[in-house]
Amino acid sequence: MSSPLADILVINGPNLNMIGTREPEIYGHTTFADIEKASREEAASLGVSLDWMQSNHEGEIVTRIQSAVTHNRALVINAAAYTHTSIALRDALGLFSGPKIEIHISNIHRRETFRHRSMIIDMCDGTVAGFGAMSYQLGIRAAAHLLSSQ
Ligand code: DQA
């Protein structure tokens with residue numbers, strides 16, 4: 001579980017724990033552990049604290065977003081495949097009033113048509129997609145920027 005009141009919670013949806021070996025031609029060779037490490041370094045360099053979670057279960061992510069309402073100030077979310085399907089995640093994001101950044105490793109708009117639609121895009125302040133593992137760092141920067149201008 002999270003430490004109390006971390007500034008930013010990074011949420012990772014299904015199959016992202018397999019990044020590094022999963023379809024490397026699309027997602028690259030950087031491992032999920034390396035992405036977490038780089039994200040924590042980015043947050044530290046910006047002077048913000050970070051919580052990190054990954055789940056393959058939709059309900060678990062919903063519950064974590066609910067708890068973020070009182071534990072976190074901003075969300076950076078790679079909802080993975082749930083991006084394209086989940087009204088439950090969309091509704092959970094509606095509970096959270098702080099900055100929310102949608103991120104994707106790949107450029108979802110260059111891929112299959114079913115990936116072009118995001119159920120959460122209009123619940124978020126902005127989207128970062130297509131920069132590989134760096135999308136995480138860019139998303140964290142965007143969230144920290146929005147927090148500092150609040
Ligand atoms: C993804 C893109 C989604 O379409 C896909 O289902 C993922 C990863 C990305 O980071 O590029 O699992 O969110």
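Predicted model: local features only at pLDDT ≥ 70, side-chain atom pairs only at ≥ 80, totals over all residues.
Start with the ligand. The ligand sits in the largest pocket. Which residues are around the ligand? They are Arg 22, Tyr 27, Asn 78, Ala 80, Ala 81, His 84, His 104, Ile 105, Ser 106, Ile 108, Arg 111 and Arg 115. By class, five residues of this shell are nonpolar, four are polar and three are charged.

Now look at the oxygen atoms of the ligand. At Ile 105 the backbone takes part: one of its N or O atoms lies 2.7 Å from a ligand oxygen. His 104 uses its side chain, where an N or O atom is 2.8 Å from an oxygen atom of the ligand. Arg 115 also brings a side-chain N or O atom, 2.9 Å from a ligand oxygen. How much of the ligand's accessible area does the protein cover? On its own, the ligand has 320 Å² of accessible area, and the protein covers 99% of it.

Next, leave the pocket and turn to the salt bridges. The structure holds nine of them. One of them joins the side chains of Asp 7 and Arg 73, with 2.9 Å from N to O. This pair links distant parts of the chain. Asp 7 belongs to strand E1, residues 6-12. Arg 73 belongs to strand E3, residues 72-78.

Methods. Residues numbered from 1 in each chain as written. Heavy atoms only, no water. Near = heavy atom within 4 Å. Polar contact = N/O pair within 3.5 Å; in protein donor to acceptor, adjacent residues only side chain to side chain. Areas by Shrake-Rupley, 256 points an atom, 1.4 Å probe, with all protein chains shown as cover. 1 Å grid on protein atoms, 1.4 Å probe; cavity = no way out; pocket = protein on both sides within 12 Å on 5 of 7 lines; lining within 4 Å. Sits in = over half its atoms within 2 Å of the grid points. Nonpolar A, V, L, I, M, F, W, Y, C, P; charged D, E, K, R; others polar. Salt bridge = Lys/Arg side-chain N within 4 Å of Asp/Glu carboxyl O. Helix = DSSP H or I, 4+ residues; strand = E, 2+ residues; numbered from the N terminus.
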